[in-house]
Amino acid sequence: SKMIKARITLTLMLLSALLATSLSSCREKPSDPDRTYYSELRAVKKLVVGRMTLSKMATIDDIRLSEAQGLKQTASALLAAIKPGSRKAAYSYDTYLRAYIDLEKLTPADISLSADGKSMQLTLPAIEIEFTGRDAEIREEHYRVTGLRSEINADERAALKEEMNRLLKEEVRQNPAFTSRLTELAKTKAVTYFTQWGRSQGIDVSIRFKD
């Protein structure tokens, strides 16, 4: 049987030094500031503003006769009932989400600089979320096989990992709480960063998102 649990760890990353370096080139007021800021921002392309680690935990143990479905499971349950000992293990597994802003979606109309060059209205593309990978192996949290029970083999662990991955992605699709929490915190990080960047340019930046 499988018990699926979820644990969320949020780590909002600081924006890269590369971004800060590229945008700092605008310190001197250009002849066409709106266009220059637009070009510099758009050149950053995908700007990562947040990460989330999702953990799943599942157990492998003997199927009970009352839970068996079909001849194969019934046979396994009957065999488990007569063999002495027990067989149970718990495994955990992580996969990763990240929040980003696709700055290539900016348009010139998204950047509006005041006549005196001291304030800017910046409309950013919507925060986007994507899966960025998963652990190569599942972690063994508990393992106990006693009596005449067979060891849990590599095929069983591999099948469990794929099932955990499938269930996790399905849960993310069906439960908006995962992406909405990451999205809101990513927005906060993006607003903080661009506000500070504006101050370094001597500009008061107001930020909106297209979503």
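Which side chain does Arg-139 meet in a salt bridge at 3.8 Å, N to O?

1. The partner is Glu-141, where a salt bridge is taken as a side-chain nitrogen of Lys or Arg within 4 Å of a carboxyl oxygen of Asp or Glu. Salt bridges that share partners join Asp-94, Asp-135, Arg-139 and Glu-141 into one network.

2. This is a predicted model, in which local features need pLDDT of at least 70, side-chain atom pairs count only at pLDDT 80 or more, and totals for chains, interfaces and linings use all residues. Residues are numbered from 1 along each chain as its sequence is written, and side-chain values use heavy atoms, with hydrogens and water left out.

3. Arg-139 also forms a salt bridge with Asp-135, the closest N and O atoms being 2.9 Å apart. Asp-135 counts as buried at 13% relative accessibility, whereas Arg-139 is partly exposed at 32% (buried is under 20% relative accessible area, exposed over 50%, partly exposed in between, with a 1.4 Å probe and protein chains only).

4. The structure holds 12 salt bridges, one of which pairs Lys-210 with Asp-110 at 2.7 Å, N to O. This pair links distant parts of the chain, 100 residues apart, with Lys-210 in the segment after strand 8 (204-209) and Asp-110 in the loop between strand 3 (87-102) and strand 4 (111-113); helices (H or I, at least four residues) and strands (E, at least two) are DSSP runs, numbered from the N terminus.

5. Helix 5 (residues 177-200) has 24 residues, which at 1.5 Å a residue should span 34 Å, and its end C-alpha atoms, 35 Å apart, agree with this; the expected span is 1.5 Å times one less than the number of residues.
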